[in-house]
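Biologist: Hi! Could you bring up the model and walk me through it?

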Amino acid sequence: MWQVDCAKNTLTAMLPFQQRLRALKRRIAGKTHQIHEQSVYSGGFDQINFLTEAGLDLRDSTILEIGTGWYPVIPLMLRAAGARQVILTDAHPLLDRETLEAAVDFVAARRTDLAERLCTTVEKIEETLAFPHDTPLNEALDALGLTYRVQASLKTMDVRVDAIISHTVLEHVPPPAIVELLEQSRDILRPGGVISHGIDHSDHRAHRDARLSRVDFLRYSDTIWGLLCLNPQDYTNRLRHSDYVAMVDAAGYDLALERPILDSGARKDLNEMELAPRFQSRDPDDLAVLWTNILARPRTPSKAAV
């Protein structure tokens with residue numbers, strides 16, 4: 001039940017030394033890596049296709065991913081598609097040598113499909129995924145064309161990139177921080193650069209408890225929802241598709257591509273649900289959009305140098 005998971009996650013969040021505890025758990029329980037293929041693998045192709053459709057030449061590009069997490073699958077796919085370098089960022093250190101190897105193994109197991117869909121060769125994919133074993137994490141990342149930065153603000157980054165992407169990340173970020181991120185993104189984008197974000201608008205508790213509606217969290221007031229999200233990993237901001245579009249526009253971007261996906265089951269559930277006051281006047285079709293891809297470019301030239 002989601003209540004049990006919520007309580008467990010809240011207690012876990014109170015414990016110190018989270019990274020060490022995760023490593024200890026893996027040593028005791030063994031390797032239990034779970035990479036969700038439907039979400040991550042298809043999400044990687046979404047990013048590649050959207051960036052390409054927007055006119056970005058991935059060959060020799062530099063791309064920054066916000067919120068890489070444990071498994072840099074999408075960055076590895078971008079490298080296979082021709083990106084010269086992918087910069088990985090996280091608010092907290094999650095990636096380690098073991099999870100990096102799990103991500104490489106995940107992509108390598110799909111090298112034939114990947115090569116076919118990217119119009120390249122299996123040998124080229126294998127070359128991209130090759131790295132020296134028994135080396136420190138940073139050396140392994142460097143060999144893979146990846147760079148990992150933790151607790152790094154875009155405002156202080158001394159890099160210029162062709163694209164800034166995220167996958168199932170922005171929904172976990174408070175709205176003021178999203179505004180800040182969008183504004184700071186402009187300053188490190190090269191001329192012609194783009195932002196591309198895949199956003200999951202669903203109630204993430206329903207990922208673990210199928211009895212919940214995927215829009216169940218729209219029933220709660222902000223106060224109650226805040227209490228249910230005491231663990232930062234449980235937090236979702238409940239912003240809807242139109243909210244993100246408005247934030248992107250206000251931050252000085254023009255939409256190049258967007259793909260809101262309305263869920264018919266969620267739309268039906270809304271007819272039978274008593275919503276929290278803040279959602280009662282909203283367009284039900286907007287509330288029922290459970291996935292968004294948004295790609296945009298700065299409306300005016302970036303401050304960044306070429």
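Modeller: Happy to, with a definition to start: on a 1 Å grid over the protein atoms alone, a pocket is an open set of points with protein on both sides within 12 Å along at least five of seven lines, a cavity is a set where a 1.4 Å probe fits but cannot get out, and lining residues have an atom within 4 Å of a point. The model is predicted, so local features need pLDDT of at least 70 and side-chain atom pairs 80 or more, while totals for chains, interfaces and linings use all residues. Residues are numbered from 1 along each chain as its sequence is written, and side-chain values use heavy atoms, without hydrogens or water.

Biologist: Great. What volume does the second largest pocket have?

Modeller: The second largest pocket comes to about 180 Å³, where volume is the space filled by probe spheres set on grid points joined across faces, edges and corners.

Biologist: And which residues line that second largest pocket?

Modeller: Asp60, Arg79, Ala80, Gly82, Ala83, Arg84, Thr120, Lys124, Glu127, Thr128, Ala130 and Ala143 do. Five of the lining residues are charged, four nonpolar and three polar. Here Asp, Glu, Lys and Arg are charged, Ala, Val, Leu, Ile, Met, Phe, Trp, Tyr, Cys and Pro nonpolar, and the others, Gly among them, polar.

Biologist: Which helix gives the largest share of that lining?

Modeller: H7 does, with three residues. Helix H4 (73-80) and helix H7 (122-128) each supply at least two. Helices (H or I, at least four residues) and strands (E, at least two) are DSSP runs numbered from the N terminus.

Biologist: While we're on H4: is Pro75 buried or exposed?

Modeller: Pro75, which sits in helix H4, is buried because its relative accessibility is 1%; buried means under 20%, exposed over 50% and partly exposed in between, with a 1.4 Å probe and protein chains only. Its C-alpha atom is 9.7 Å from that of Leu144, 69 residues away along the chain.

Biologist: Let's change topic. How many cavities of 30 Å³ or more are there?

Modeller: There are two at that cut-off.

Biologist: What lines the largest cavity?

Modeller: Its lining consists of Leu170, Ile178, Leu182, His197, Ile199, Tyr244, Met247, Val248 and Ile294. By class that is eight nonpolar, one polar and no charged residues.

Biologist: How does the lining of the second largest cavity divide by class?

Modeller: That lining has four nonpolar, four polar and four charged residues. Among them are Glu171, Asp200, His201, Arg238 and Arg240, along with Ile199 and Tyr244.

Biologist: Now charges. How many salt bridges does a search of the whole structure find?

Modeller: The search finds 19, counting a side-chain nitrogen of Lys or Arg within 4 Å of a carboxyl oxygen of Asp or Glu.

Biologist: Take Arg259. What does Arg259 pair with?

Modeller: Asp46, with the closest N and O atoms 2.9 Å apart. Arg259 is in strand E6 (residues 253-262) and Asp46 in helix H3 (residues 37-53), so the bridge ties together parts 213 residues apart in sequence. Asp46 is buried, at 17% relative accessible area, whereas Arg259 is partly exposed, at 28%.

Biologist: And which residue does Arg299 bridge to?

Modeller: Arg299 meets Asp249, at 2.8 Å between the closest N and O atoms. That pair links distant parts of the chain, 50 residues apart: Arg299 is in the segment after strand E7 (289-298) and Asp249 is in helix H11. Both are partly exposed, Arg299 at 38% and Asp249 at 45%.

Biologist: Which residues are linked in a network of salt bridges?

Modeller: Asp203, Arg205, Asp216 and Arg219 are. A separate pair to click on is Asp158 with Arg149, at 3.5 Å from N to O. Asp158 is exposed, at 65%, and Arg149 is partly exposed, at 25%.

Biologist: Last one: which residues form a nonpolar patch on the surface?

Modeller: Ile224, Leu227 and Leu230 do, with about 290 Å² of accessible area together. The area comes from the Shrake-Rupley method with a 1.4 Å probe, and for residues only the protein chains shown count as cover. Patch members have over 30% relative accessible area and no salt bridge; like charges are joined within 9 Å, and nonpolar side chains (Val, Leu, Ile, Met, Phe, Trp, Tyr) within 5 Å. Ile224 is in helix H10 (residues 222-228) and is partly exposed, at 40%.
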